[in-house]
Amino acid sequence: MNTAHELVEQAVGDHRHHNVPPRIREIVDRHHQTLLGLANALIAAGRDEDEVVQIIQKASESFSIKLRTETESLSS
Amino acid sequence: MNAVCDLNHFAKAKFDEPGRQRALDRLKVVDSRAEPPFERIVDLVKTTLNAPICAVTLVDNDRQWFKAFRGLNVDHTPRDVAFCDHAIRAEAPFIVEDATKDARFANNPLVLFEPHIRAYLGIPLKMPDGYIVGTLCVIYQEPKAFSEHEIAILQNFANLVVGELELRTIAFTDGLTNLLSRKAWRDRVEAEIDRAGRYTNAGSILLLDLDHFKSINDTYGHDVGDLVLRKTAEIVNAVLRKHDIVGRLGGEEFAVCVANAPASVGFAVAERLRVQIAALAFPDHPGLSCSASIGVAAFEPGATVDALLKQADEALYEAKRMGRNQVRMGESAALPSWTD
């Protein structure tokens, strides 16, 4: 049985360690905490691991794309 | 319920309606186009919680407007019938298990008629400054008791919505002036021009350029140049109406869309901006003054943002050529009539 942390890692990796500008770092950290919370809540509700990973992936996809774009534009 | 409370990680919510409204205005999100992150979240919520209706709701002055929604036929409703207005005041997950048995809602038109709300769960969208701007909600057309797990799941999706709103604000905002960035301004104005075309509304574009800005930077340094830009942005915000759209296009160039008003109003707004910018005082920097040249282009049927910007740019160039610190109308626009 994987933990919520492991399922989130499996779904999106740990982008908290990427080189994000300070103004965005706080948002990224909260986003990661929220994904962990969502995974925990889904597990507690009896969802299976594959479903949890899929939901976390979908929930995070747009954020990750926008984050990448924003990080690039701020560092350019 | 601990999981819900622990994830509600911002400062205590403040129910101060004017401040709340300003916090919502700062997001510059109401009436914006559909955006993938919010569409994706309502899809996920709908599926995960098996909800026929789901919405990201922003509670504006007199209406609730849906940034993303599923299962509804309208994109807003009056605020005085909105369940979400109760949710933002509750400042906690707001639950109605059977609206027909709740005196607050039994005669609500949203219960009696479409969408026939019976059960409602709304999680306030609390921003880091503590203000609640709206909710993420699910609606059922049958009575329903919500489990702790369902509330926790929706709470976490609501936290994701808040993160998306924050990231969106950074992406769409010019960091120095807090005005819209060039791209965000264009997107908003394109939507406004579409709307004006549908309803044959008038409007105009103002292109404003600070005069001799390079010499301010060269003489006083970039910190003072930045101060001039921030002061200019403050004036523009103070002069404009809530529904006008203002952005910093880059450098010392600003753009304004004066919506739903004849060209004469756009011209008058430009003139007011010019006068107030010329009157700016900088007590810490004796001898520093600034002025702006402004070009105005009136909406015309079929005109694109690029065409209007080009027309305003030509008028701006003419204002510069004629000696700066003045306003000029674009050539193909009708001359302003002060009695419009």
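The legends below describe several close-up views of a predicted model.

**View 1. Chain A as a whole is built from helices, with no strands.**
In this predicted model, chain A contains three helices and zero strands, and reading along its sequence gives the pattern α-α-α. Of the 76 residues in chain A, buried residues make up 46%. When contacts in chain A between residues at least 6 apart in sequence are considered, 66% of them join residues at least 24 apart.

**View 2. Helix 1 of chain A packs against helix 2 of chain A.**
Helix 1, which covers residues 4-12 of chain A, and helix 2, which covers residues 22-44 of chain A, pack at an angle of about 120 degrees, and their axes lie 9 Å apart. Because of that angle, helix 1 of chain A is described as oblique to helix 2 of chain A. The crossing of helix 1 of chain A and helix 2 of chain A is right-handed. From helix 1 of chain A, the residues that take part are Ala4(A), His5(A), Leu7(A), Val8(A), Glu9(A) and Val12(A), and they meet His32(A), Leu35(A), Leu36(A), Ala39(A), Asn40(A) and Ile43(A) in helix 2 of chain A. Sorted by class, the contact of helix 1 of chain A with helix 2 of chain A holds eight nonpolar, three polar and one charged residues.

**View 3. Helix 2 of chain A meets helix 6 of chain B.**
Here the axes of helix 2 of chain A and helix 6 of chain B, the latter made of residues 148-172, come within 9 Å and cross at roughly 160 degrees. Helix 2 of chain A is therefore roughly antiparallel to helix 6 of chain B. The crossing of helix 2 of chain A and helix 6 of chain B is left-handed. Residues of helix 2 of chain A in this contact include Arg23(A), Ile24(A), Ile27(A), Arg30(A) and Leu38(A), while those of helix 6 of chain B include His149(B), Phe157(B), Leu160(B), Glu166(B) and Ile170(B). Taken together, the residues of the contact of helix 2 of chain A with helix 6 of chain B divide into 13 nonpolar, seven polar and three charged.

Of the 340 residues of chain B, 55% count as buried. Among the contacts in chain B with a separation of 6 or more, residues 24 or more positions apart account for 68%.

**View 4. Helix 9 of chain B packs against helix 10 of chain B.**
Helix 9 (residues 222-239) and helix 10 (residues 263-278) of chain B pack at an angle of about 140 degrees, with their axes 10 Å apart. That angle is why helix 9 of chain B is described as oblique to helix 10 of chain B. The crossing of helix 9 of chain B and helix 10 of chain B is right-handed. On the side of helix 9 of chain B the contact is formed by Thr232(B), Ile235(B), Val236(B) and Val239(B), which meet Val269(B), Arg272(B), Leu273(B), Gln276(B) and Ile277(B) in helix 10 of chain B. By class, the residues of the contact of helix 9 of chain B with helix 10 of chain B divide into six nonpolar, two polar and one charged.

**View 5. Ala255(B) is a buried residue in strand 9 of chain B.**
Strand 9 of chain B, where Ala255(B) is found, runs over residues 253-259. Ala255(B) has a relative accessible area of 0%, and is buried. Leaving aside residues up to four places away in sequence, Ala255(B) touches Trp185(B), Leu206(B), Leu207(B), Ile245(B), Val246(B), Gly247(B) and Leu249(B). The C-alpha atoms of Ala255(B) and Ala312(B), which are 57 residues apart along the chain, are separated by 9.6 Å.

**View 6. Cysteines of chain B lie without a disulfide.**
A search of the whole structure finds zero disulfides over all chains. Cys54(B) is in no disulfide, and the nearest cysteine sulfur, that of Cys137(B), is 6.6 Å away. The sulfur of Cys137(B) is itself 3.9 Å from the closest cysteine sulfur, in Cys84(B), which is too far for a bond. Cys54(B) is buried, with a relative accessible area of 0%, and Cys137(B) also counts as buried, at 2% relative accessibility.

Key: Residues are numbered from 1 along each chain as its sequence is written. Chains are lettered from A and ligands numbered from 1 in the order in which they are written. This is a predicted model: local features need pLDDT of at least 70, side-chain atom pairs count only at pLDDT 80 or more; totals for chains, interfaces and linings use all residues. Side-chain values use heavy atoms; hydrogens and water are left out. Axes are lines fitted to C-alpha atoms, for helices over the stretch in contact, and angles run from 0 to 180 degrees between N-to-C directions. Helices (H or I, at least four residues) and strands (E, at least two) are DSSP runs, numbered from the N terminus. Angles under 35 degrees count as roughly parallel, over 145 as roughly antiparallel, 65 to 115 as roughly perpendicular and the rest as oblique. A crossing is left-handed if the near helix is turned anticlockwise from the far one by less than a right angle, and right-handed if clockwise. Contact means heavy atoms within 4.5 Å. Ala, Val, Leu, Ile, Met, Phe, Trp, Tyr, Cys and Pro count as nonpolar, Asp, Glu, Lys and Arg as charged, and the others, Gly among them, as polar. A disulfide is a pair of cysteine sulfur atoms within 2.5 Å. Buried means under 20% relative accessible area, exposed over 50%, partly exposed in between (1.4 Å probe, protein chains only).
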